Structure formats: structure tokens, C-alpha cells
Amino acid sequence: MSRSPFEPSPDDDPMEMWGRRIGRGLAIVACLVLAYYLLTTYVRLPG
């Protein structure tokens, strides 16, 4: 019988581990891009 989508997944599930890693990596990249955009738009760094 398959699990319900509302049950927490086991911690040793490889897909969950990779999904978390990819999600965190994308979040970090998005934050860096946003910070760069805001700095170059509103602070006008020399260069």
C-alpha cells in the first residue's frame, strides 16, 4: 500500500535529500541574484 502524500517522508529517502539540496541551492542563487539586482539598481555601485 502506498503512503499518503500528507505523511512525512523518511529521512533516508534519497529523492527527499536531493530535493532539499536542489531547493536550498536554488534559494541561495535566487537570494544572491536579488541582492545584486537591488544593489545595482538602488545603490548604484561604481563600476
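**Exercise 1.** How many aromatic pairs does the count come to in this predicted model?

*Solution.* Two rings pair if their centres lie within 6.5 Å. By this rule, the count is zero aromatic pairs.

**Exercise 2.** Over the ring of which residue does the charged end of Arg21 sit?

*Solution.* The charged end of Arg21 is placed over the ring of Trp18, at 4.8 Å from the ring centre. The cut-off for such a contact is 6 Å from the ring centre.

**Exercise 3.** Determine the secondary structure of the protein and of its annotated region.

*Solution.* Begin with the whole protein, which has one helix and zero strands. Helix α1 comprises residues 14-43. Next, take the UniProt record, an unreviewed entry, which annotates residues 21-39 as "transmembrane region". Over residues 21-39 the chain is 100% helix and 0% strand, with 27 Å between the end C-alpha atoms.

**Exercise 4.** Is Leu39 buried, partly exposed or exposed?

*Solution.* Leu39 lies in helix α1. Its relative accessible area is 39%. Buried means under 20% and exposed means over 50%, so a value in between counts as partly exposed. Leu39 is therefore partly exposed. This residue also belongs to a nonpolar surface patch with Leu34, Tyr37, Leu38, Tyr42 and Val43, and together they have about 630 Å² of accessible area.

**Exercise 5.** State what share of the protein counts as buried, and describe its surface.

*Solution.* Of the 47 residues, 0% count as buried. The accessible surface is about 4700 Å², and carbon and sulfur atoms account for 68% of it.

Terms used. Residues are numbered from 1 along each chain as its sequence is written. This is a predicted model: local features need pLDDT of at least 70, side-chain atom pairs count only at pLDDT 80 or more; totals for chains, interfaces and linings use all residues. Side-chain values use heavy atoms; hydrogens and water are left out. Helices (H or I, at least four residues) and strands (E, at least two) are DSSP runs, numbered from the N terminus. Buried means under 20% relative accessible area, exposed over 50%, partly exposed in between (1.4 Å probe, protein chains only). Accessible areas come from the Shrake-Rupley method with a 1.4 Å probe; for residues, only the protein chains shown count as cover. Patches are made of residues with over 30% relative accessible area and no salt bridge: like charges are joined within 9 Å, nonpolar side chains (Val, Leu, Ile, Met, Phe, Trp, Tyr) within 5 Å. A salt bridge is a side-chain nitrogen of Lys or Arg within 4 Å of a carboxyl oxygen of Asp or Glu. UniProt positions are given in the numbering used here, feature names are shortened, and annotations may be inferred rather than shown by experiment. Rings of Phe, Tyr and Trp (its six-membered ring) pair if their centres lie within 6.5 Å; planes under 30 degrees apart count as stacked, over 60 as edge-to-face and the rest as tilted. A charge sits over a ring if NZ of Lys or CZ of Arg is within 6 Å of the ring centre and within 35 degrees of the ring normal.
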